[in-house]
Amino acid sequence: MERYREIERSIIKKYRKTLWRPFIRGIQDYDLIREGDRIAVCISGGKDSMLMAKLLQELKRHGKFPFELVFLVMDPGYNQRNRRRIEENAELLGIPVTVFESDIFDVVVDIRESPCYLCARMRRGFLYAHAKELGCNKIALGHHFDDVIETILMGMLYGGQMQTMMPKLHSTNFPGMELIRPMYLVHEEAILDWVRYHDLHFLQCACRFTEQYEVDENGANHSKRQEMKELIARFRMISPLIEKNIFRSVENVNLNTIISYHKGEEHHHFLDDYDKE
């Protein structure tokens, strides 16, 4: 059996409980894919987006209704080694990628204030635009469960707000386009286990800014997201339920116990109707 067939088979056999089922549950619970969709699967070259591509290939092969996939790789200015790694991994895994180039790394490399935020916004804009040119109505990103709960904690601890990374979003700048996150309920440890089991080697962050500023001479990562990963790891040692409860906290919001909240332009405060019976 060819190696990529073995890797595919493991997703629905060996990793059925930890990868396939959470993936399918997320698709169903959040109504992420509908018949006739044409989805641009956005591949960065990391483990998450590569696995997402394989999961979606399997769903298309075994699913109950037809939809289309385009496997889209944007090269924002990778060095030749990283570009080659992405292409070699795509070939190894049987993913027929379409590559297009942009100059995003050149634009953000000298930015000191929130370069990662700017880079992410620009990447998403380029992906939306190119996906729309290819006739797609959705783009799929490889964020997973751990990304979601890290975002919740970062919002609380550093942003002073309660928010999360949503499973799907309508694009505000590209009418008719949606962003979906098919691995919303898949845990990162399951992804890492799959990668280790098959001895796969994907890109880490290949951003020039990250290489220059977020990793010190000892190899330590100082990003806020890494801080959240370490915090959650400590929580995990205290109780295995904490991760799930962080996630559930944004599903079980009781507005009667919230001091204030806003939806769009509307702002609500508990004092607004406190004395009304």
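Biologist: Are Tyr128 and Phe174 buried or exposed in this model?

Modeller: The model is a predicted one. A residue counts as buried when its relative accessible area is under 20%. By this criterion, both Tyr128 and Phe174 are buried.

Biologist: How are the rings of Tyr128 and Phe174 arranged, stacked or edge-to-face?

Modeller: A pair of aromatic rings is described by the distance of the centres and the angle of the planes. For Tyr128 and Phe174 the centres are 5.3 Å apart and the planes stand at 20°. Planes under 30 degrees apart count as stacked, so the pair of Tyr128 and Phe174 is stacked.

Biologist: How many residues apart are Tyr128 and Phe174?

Modeller: Tyr128 belongs to helix α6 (residues 115-133), whereas Phe174 lies in the loop between β5 (168-170) and β6 (178-180).

Biologist: Why does Trp20 count as buried, and what is its relative accessibility?

Modeller: Buried means under 20% relative accessible area. Trp20 falls under this cut-off and therefore counts as buried, its relative accessibility being 10%.

Biologist: Which helix holds both Trp20 and Phe23?

Modeller: Trp20 and Phe23 are three residues apart, about one turn of the helix. Phe23 is also buried, at 0% relative accessibility. Both residues lie in helix α2 (residues 16-29).

Biologist: Over which ring does the charged end of Lys14 sit?

Modeller: A charge sits over a ring only if NZ of Lys or CZ of Arg is within 6 Å of the ring centre and within 35 degrees of the ring normal. The charged end of Lys14 is 4.6 Å from the ring centre. The ring in question is that of Tyr197.

Terms used:
Residues numbered from 1 in each chain as written. Predicted model: local features only at pLDDT ≥ 70, side-chain atom pairs only at ≥ 80, totals over all residues. Heavy atoms only, no water. Helix = DSSP H or I, 4+ residues; strand = E, 2+ residues; numbered from the N terminus. Buried < 20%, exposed > 50% of the residue type's maximum accessible area, 1.4 Å probe, protein only. Phe/Tyr/Trp six-rings, centres within 6.5 Å; stacked < 30°, edge-to-face > 60°.
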